[in-house]
Amino acid sequence: MVISRTTQVVIVGAGPAGLLLGHLLTQDNIDNIIVERRSREHVESRVRAGVIEYGVAQFLRDVGAGERLAREGLVHHGVQMWFDGRRHRLPLSDLADGKSIIVYGQQEVVKDLIALRLASGAPIEFSAEVTELDGLASDTPSVVYESQGDVVRLEGDYVAGCDGSLGISNRAVDPSALGRMERTYPFAWLGIIAQAPPAIDELIYARHARGFALYSMRSHSISRLYLGIDAGETLTEWPDSRIWEELHTRLATEDGSPVQEGPILERSIAGLRNVVVAPMRVGRLFLAGDAAHIVPPTGAKGMNAALSDVRDLHRALHAWYRDRDARLLDGYSELALERTWRAEEFSTSMTQMLHPYSDLPFESEIQLTRLRQVFSNETIATVLARNYVDLNSL
């Protein structure tokens, strides 16, 4: 059975970007429907980023999506960078006009936004597989999806592709109309979630001769830890004992290792890469978040960049539906890409500075020199701190 439906904005994807855009449009009384191929349970359990910039956190609070974030998020005024066997602290707030970051898991943002969506009564379709984007160059683009045995053709004025790098949105466009630039790294991140209290109340970025490590947290009782490993390694090569041993080694300083062990609740391996798709608008399709760009997680910019895309796209749609002013819609891609490249540059710089190349001693010495400059030159430290805290609001 084929069902026809209409709305004003069709949103493909119920990650942070799609959910926030739906929330903002609903507040403006602009009809929208969110279509997500995964189940609600799956979407709410996906563990991703956990650092939220100052300006992005403030924006979430301003639009009514930050109540639990403000109550439960962990405010950090600095980050630790450990190298040369010593501890170094970057005082973010001191260098960035008092601003801070908040550690709050992406899945928690998703839960908050889904709760707001359901409370509003605005439609959201889970377990709905999008099979086609049609008529993107026309005035009535459509999204075709399958749900509960039915085929639904959903027509709208615009389509927002917020379905990530593996979604249909950026694959549905003629490759000649959409450029793709990509870089891959020879290492990956092995990430774990452990039932163990954080050893310190700030993030720790560690550069050790054996590789990179990151110590972060999700709550006062749950730690989130990462090891830089070679691309191509598998989880079977990393039993619990090896993970903990390597974390102790890489996070050790003159004061010993701060790592608190506990049961490992989840584990995964993710490759590191940069991706930029341009332009971020093709006809009536607008791309946002991972559908348009991916950054290495070292700079903590992925979710922040996605939500900033949505902030700009919402303003553009708001101007169009309120005043029939298309200037912001026409300028969306250029504006978003300018910010995207800043996030790509910062994330690349952080990645290259903190991941040692054991077979390239020249590169390793360059990395150490860069790190030492951060803590010997206030100008360099200030630039890093401001980009880390609030790049997507600059």
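1. In this predicted model, the side chains of Asp139 and Arg284 form a salt bridge, with an N to O distance of 3.2 Å. Asp139 belongs to the loop between strand S10 (129-134) and strand S11 (142-147), and Arg284 to the loop between strand S19 (281-282) and strand S20 (285-287), so the pair ties together parts that are 145 residues apart in sequence. Asp139 is exposed, at 57% relative accessibility, whereas Arg284 is buried, at 17%.

2. A second salt bridge joins Glu53 and Lys301, whose closest N and O atoms are 2.7 Å apart. Glu53 lies in the loop between strand S4 (51-52) and helix H3 (54-62), while Lys301 lies in the loop between strand S21 (293-294) and helix H8 (302-323); the pair therefore ties together parts that are 248 residues apart in sequence. Are these two residues buried or exposed? Glu53 has a relative accessibility of 0% and counts as buried. Lys301 is also buried, with a relative accessible area of 1%.

3. Asp97 and Arg386 form a further salt bridge, and their closest N and O atoms are 3.0 Å apart. Asp97 is found in the loop between helix H5 (92-95) and strand S8 (101-103), and Arg386 in helix H11 (residues 378-390), so this pair ties together parts that are 289 residues apart in sequence. Asp97 is exposed, with a relative accessible area of 58%. Arg386, at 33% relative accessibility, counts as partly exposed.

4. Salt bridges also occur as a network, which links Glu67, Arg68, Arg71, Glu72, Glu108, Lys111 and Asp112. How many salt bridges are counted in total? The count comes to 27.

5. As for the overall fold, the chain has 11 helices and 21 strands. Its radius of gyration is 21 Å, close to the 21 Å that the globule rule gives for 394 residues, so the chain is as compact as a globular protein of that length. Along its principal axes, the C-alpha trace spans about 65 × 45 × 45 Å.

6. Contacts and surface complete the description. Of the contacts with a separation of 6 or more, 71% are between residues 24 or more positions apart. Buried residues make up 56% of the 394 residues. The chain exposes about 16,800 Å², of which carbon and sulfur atoms supply 49%.

Note on methods. Residues numbered from 1 in each chain as written. Predicted model: local features only at pLDDT ≥ 70, side-chain atom pairs only at ≥ 80, totals over all residues. Heavy atoms only, no water. Helix = DSSP H or I, 4+ residues; strand = E, 2+ residues; numbered from the N terminus. Rg over C-alpha atoms; globule rule 2.2 N^0.38 Å. Buried < 20%, exposed > 50% of the residue type's maximum accessible area, 1.4 Å probe, protein only. Contact = heavy atoms within 4.5 Å. Areas by Shrake-Rupley, 256 points an atom, 1.4 Å probe, with all protein chains shown as cover. Salt bridge = Lys/Arg side-chain N within 4 Å of Asp/Glu carboxyl O.
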